[in-house]
Amino acid sequence: MNKGLEKFYELVEAFESLPTIGKKSALRLAYHIVMNDNYCGIKIAHSIENALKNITKCSRCGSMSEHEICEFCLDESRDNTKLCIVQSAKDIFVIEDSNQFDGKYFVIEELDQEVIDALNKFVVDNEVSNVLFAITPSIANDAFILFIEDKLKNHQIRFTKIAQGVPTGVSLENVDILSLSKAIQSKVEI
């Protein structure tokens, strides 16, 4: 680290700590903000501060929201009987971009009794009859699906999962929209 540039290298390290940002990209971003576009840096800092202050988890489904209840849960045009279970709130945005799902969402990042109780309440409150698992295909996630099915066995629910188009081990955020659309259209009974 060059003497006198500690603040610059702190910025580089901050960018580098983000997912998918390597050393070279972090260096380019930091240089651009410091040397070419100070306003961009201030705008990014302000946006980050606002997002950290105002974005939280929806109290019903676990999605991202600026309010206690998210836009998906409040949207009366969505089909309450359809539920898509995802493992990350960011996956909801990928699915929404596909325009292939018109139901509600439920985020399960960790399996614990509180989440299972919330899921059961969500299923009952919305009279859910169809559950689509939109999660990355893997052996561990197949066990995850079986566990959730078992916890919801007392309800009359048809279970499906996304099919072809999503390769095993690839995160939904890294799947192109066409492949995701085909996977949702070709969902399979489980």
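1. Arg78 and its contacts. In this predicted model, Arg78 touches Phe72, Glu96, Phe101, Asp102, Gly103, Lys104 and Tyr105, leaving out residues up to four places away in sequence. Arg78 sits in the loop between helix H4 (71-74) and strand E3 (79-86). Is Arg78 buried or exposed? Its relative accessibility is 11%, so Arg78 counts as buried. The cut-off for buried is under 20%. So this is a loop arginine that is buried, with Glu96 and Asp102 among the residues it touches.

2. Asn99, a loop residue with positive phi. Asn99 lies in the loop between helix H5 (89-98) and strand E4 (103-107). Phi of Asn99 is near 55°. That is a positive value in a residue other than glycine. Asn99 has 67% relative accessibility and therefore counts as exposed. Please look at the backbone here when you go through the model.

3. Thr20, a second case. Where does Thr20 lie? Thr20 is in the loop between H1 and H2. Phi of Thr20 is near 70°, again a positive value in a residue that is not glycine. Thr20 counts as exposed because its relative accessibility is 80%. The cut-off for exposed is over 50%.

4. The buried face of H1. Helix H1 covers residues 6-16. Which residues of H1 are buried? They are Phe8, Val12 and Phe15. These residues cover an arc of only 65° around the axis, which puts them on the same side of H1. The buried residues of H1 pack against helix H2 (23-36).

5. Geometry of H1 and H2. H1 and H2 pack at an angle of about 130°. Their axes are 8 Å apart. The angle makes H1 oblique to H2. The crossing of the two helices is right-handed.

6. Residues between H1 and H2. On the H1 side, the contact has Phe8, Leu11, Val12, Phe15 and Glu16. On the H2 side, it has Lys23, Ala26, Leu27, Leu29, Ala30, Tyr31, Ile33 and Val34. What is the make-up of this contact by class? The contact of H1 with H2 has 11 nonpolar, no polar and 2 charged residues.

7. H2 against H3. At what angle do H2 and H3 pack? The angle is about 115°, with the axes 5 Å apart. Ile33, Val34 and Asn36 of H2 meet Asn38, Gly41 and Ile44 of H3. By class, the residues of this contact divide into 3 nonpolar, 3 polar and no charged.

8. Cys40 in H3. Cys40 is found in helix H3 (residues 38-54). Its relative accessibility is 23%, so Cys40 counts as partly exposed. Cys40 and Ile190 are 150 residues apart in sequence. In space they are 48 Å apart, C-alpha to C-alpha.

9. Asn54 in H3. Asn54 also has its place in helix H3. Asn54 is partly exposed, with a relative accessible area of 39%. What does Asn54 contact, leaving aside neighbours within four places in sequence? The contacts are Ser65 and Glu66. Asn54 and Ser65 are 11 residues apart in sequence and 8.2 Å apart in space, C-alpha to C-alpha.

10. Geometry of H6 and H7. Helix H6 (residues 113-126) and helix H7 (residues 139-151) pack at an angle of about 60°. Their axes are 11 Å apart. H6 and H7 are therefore oblique to each other. H6 passes H7 in a right-handed crossing.

11. Residues between H6 and H7. From H6, the contact takes Ile116, Leu119 and Asn120. From H7, it takes Phe147, Ile148 and Lys151. By class, the contact of H6 with H7 has 4 nonpolar, 1 polar and 1 charged residues.

Key: Residues numbered from 1 in each chain as written. Predicted model: local features only at pLDDT ≥ 70, side-chain atom pairs only at ≥ 80, totals over all residues. Heavy atoms only, no water. Buried < 20%, exposed > 50% of the residue type's maximum accessible area, 1.4 Å probe, protein only. Helix = DSSP H or I, 4+ residues; strand = E, 2+ residues; numbered from the N terminus. Arc of directions from axis to C-beta. Contact = heavy atoms within 4.5 Å. Axes fitted to C-alpha atoms, helices over the stretch in contact; angles between N-to-C directions. Parallel < 35°, antiparallel > 145°, perpendicular 65-115°, else oblique. Left-handed = near helix turned anticlockwise from the far one by under 90°. Nonpolar A, V, L, I, M, F, W, Y, C, P; charged D, E, K, R; others polar.
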